[in-house]
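Here is a short report on selected contacts in one protein model.

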Amino acid sequence: MRQKIVEGFPIIKTARRYFSEFIVWKVTGRVLLVSLGLIIAMSLPGYGQSGTVGEDFDIPAQALSTALLNFGAQANLSLMVREKDTDDKISKTLVGHMSPHEALTRLLAGSRLGFEYIDRKTIVISRDLYQPQNNGKITRKNKTVTRPPDNNNAPRATIDEVVVTALRRRSNMQKVPVAVSVLNPTLIREDRIYNLQDVGTRVPGLTVENFSLGQPTIHVRGIGSNDDGAALDNSIVMFIDDVYVGRITAINLNYFDLERIEIIRGPQGTLYGKNAIGGAINITSNPPTDHLVGVAEVTLGNYNRIDTRAILSGPLVADKILGRLAFQSRKRDGWQRSLFLPGVKQNNQNTWSGRGKLRFILSERLQIELDGDYNRDNLGSTGRIPVASRVPVRLLGPDGLPNGKTALPTTIFKNLGGSARLAINSDRGFTHRTIWGLSSRISREGNYGRLLSITAYRKTKFDWLEDSTGLPSSLTDQKVDSHVRERHSQFSQEFRWISPGNTRLTYVMGLYYLFEHTHRIESFIFPKGKATTDQDNRTNSFAAFGQATYGLSAQLKFTVGGRLTYEHKKLDQQNILNGDQFILLENFTMTNEGDWTDFSPDFILSWQQTESIMWYASISRGYKSGGFQGSPATRELARRTIGPETVWNYEIGYKSQWLNNRFRLNLVGFYSDYRDLQVVQFKTEGNFGVFQTSNAASAKLRGVEIEFALKPSSGLEFFGSYAYLRATYNKFHDLAGRDFTGNTLRQAPRNSLYLALRYEHPFRDGRFRFRLDYRYQGKSFREPDNSITIQPAFDLVDSSIAYTSADNHWEATLWAKNLLDREYITHLYVLGGNDYALFGTPRTYGLTMTFNF
């Protein structure tokens, strides 16, 4: 029985392996043991305590409404404030040990808001209460109210409240009837989350893999997109500051200066539009502040890492114009060598990003914000590694001609002494990418609510070359390089009307327009020829949407919404063959056109059982537009229209907080019925194959997702998530007639787990922090044929130790990612009947110094 338990739960099975390696790894092991000793020592009563009566506050500069939610949680107080009083106001950083009265006074400084206690646990905040303060007393018109003494018996350890905009208005996450996960600034900064892959292993149901930097495959609950043709779309949409990013090559994986990252799971068509059939990722960057804020940061690490970051924000014209500038640079040598490319270090990093914002405050009700961002990536090769072989390749003799012998790619790799850190590719690849965008937000507020106009233009230039088989040209001529040149531009316009939030009936409605132009040229380069597919697509999309919530009673609410979408695509495409005919088999030139119309509704019933417990049930329909296959081998495949895919999703959720807000537990169970699921396959033919995209008849998804946070004492916090997923084709015969009914969808691990420990405590006039993260992703499949191309499970451990000065002006952090130096696969694909892999980054570590002013 004991053996079955160990084999059935991955974290138990790996714990014994981790323990032995933890002892062997001397340097890091000693540091961690010392850190754990400090935690135990500092937890003893009286250690490091200043004796000051009050609470420990840690609230970053952010939107005032969010800061007040954090204050209420950390002070264990209830706040009453009108939404319009806090809109577009930014708080200052609040860190330290102080009374709630002093903390709130600092938090509201410069906001022209005042406050008063109406009982020992409730505070009213209002513009009407704004008056000078003296000697701990609050003057309200002609009335003086003395604040109550601090309640020292109140619990001082509470989990932070989280604000989301998942339903297009700012709300407490625990009050929003939708499955949403939030990565706040603290988690983003402390876990060094810089890209989507870092996000994926920390959110239940989300997996992210990268065929290349500019071609991520993003899946939520097993639903995602793998056809990167110019006329097909993602199943998971991304929004950056409310701007839709429609192309995978245009998704910026370099995150910095963020207020939060929201991952909304399940179909989100009503408010997030076409193609949000699997979910949406909503990224919000930090706004300009009304006071001067500055950050400078430098990181030094192994593989010659040098990262820099700088932020400057504040008023340009007092109370009229606010500005913010942010910059980030990340450079690191590659960790992989190639036997046939001496001196070349593959899998390096070299990125540069910048963002600027201007906010014009024309009046209390009218504001205009202009945003601009720029990103540049210059990367080298990412050596592909053969990991499973079924079809041998032809070998060459010393004269460069076939010698009549064959060998499996894995045998060649092994005989040459290859490993994850020593590739055998002889062709040098690269990734060059530039992304930039401009957007404007015009916000007008009145008694009718808020009118919002969002106008945006984005452009991407992507150039990528890679040796797809990772085999040396001197040993075999059955190999191929992939070269992609893509240009993408988009223009979007959204008008949104958001009703006031303090009425029985609330609603959001709007109009949306999107134009996309994608020109993708993909070449397959063989030793004796080249095959090129050229696709130029234009998309016009129009939508009208709305969602309304009505309070049936004080606890019961009903929400109904819908989105009507019309879309037209026109694709000009051609195949050009020169020499060997593999992957692309025919020359042709043609034009395809198609249009689609869809209406996607959603229905939600929510019950606020108590102030801390909410139940909800939802039914929603999702839609992903049709299109035309990428890289079609023949004219017949090119002329086929790929139909839209749809889903009906059924969800039951439970959100709760317990133990005086020390423990948060959120659960959701779901069942999804997909129709005409778009599936791309690489069908093996000889030593290569052809791409085939078709509509699977149906697929069923069912699963459970759990998220929790526990704060048993001040400074100590445990949190994490677990997801169980069963995603199978209910009925699927591919174009060749093969039956994959009952097989598991690609990139849909049955189990995923994330656990984290965070401890912070006053230490020598500052604050000491220790963090430990564990991430596990179960086995998954990369093809509908589950007998091949199986990606193994993997687990990772990250850790950091930090010290922050008492005045919060500087912080030093020692960190390590992939602490136990695990060798794991981040992407797996089949080519010519053989499996090739990209491996994840080995252990990296470094020192980060951050300076705030």
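Asp 821 is partly exposed, because its relative accessibility is 26%. Here buried means under 20% relative accessible area, exposed over 50%, and partly exposed in between (1.4 Å probe, protein chains only). This is a predicted model: local features need pLDDT of at least 70, side-chain atom pairs count only at pLDDT 80 or more, and totals for chains, interfaces and linings use all residues. Residues are numbered from 1 along each chain as its sequence is written, and side-chain values use heavy atoms, with hydrogens and water left out.

**Salt bridges**

Asp 821 forms a salt bridge with Arg 421. A salt bridge is a side-chain nitrogen of Lys or Arg within 4 Å of a carboxyl oxygen of Asp or Glu. Asp 821 sits in the loop between β47 and β48, and Arg 421 in the loop between α10 (409-415) and β29 (422-423), so the pair ties together parts 400 residues apart in sequence. Arg 421 is also partly exposed, at 33% relative accessibility. Helices (H or I, at least four residues) and strands (E, at least two) are DSSP runs, numbered from the N terminus.

The structure holds 55 salt bridges. Three of them are tabulated here.

| Salt bridge | Closest N and O atoms |
|---|---|
| Asp 821 – Arg 421 | 2.8 Å |
| Asp 242 – Arg 496 | 3.7 Å |
| Arg 265 – Glu 707 | 3.8 Å |

Arg 265 lies in strand β17 (residues 258-265) and Glu 707 in strand β40 (residues 688-713), so this pair joins parts 442 residues apart in sequence. Arg 265 is buried at 3% relative accessibility. Glu 707 is buried at 18%. Asp 242 is buried at 14%, and Arg 496 at 4%.

**Thr 813**

Thr 813 lies in strand β47 (residues 810-817). It counts as buried, at 8% relative accessibility. Its side chain makes a polar contact with the side chain of Glu 811 at 3.4 Å. A polar contact is a pair of N or O atoms within 3.5 Å; within protein, one must be able to donate a hydrogen and the other to accept it, and residues adjacent in sequence count only if both atoms are side-chain atoms.

**A sheet of 3 strands**

An open sheet has the order β26-β49-β48, with antiparallel pairing. β26 (385-388) and β48 (825-831) are the edge strands, each with a single partner, so one side of each has no neighbour in the sheet. Two strands pair if DSSP finds at least two bridges between them. β48 and β49 (residues 834-839) pair over 6 bridges. Leu 828 has Ala 837 in β49 as its bridge partner.
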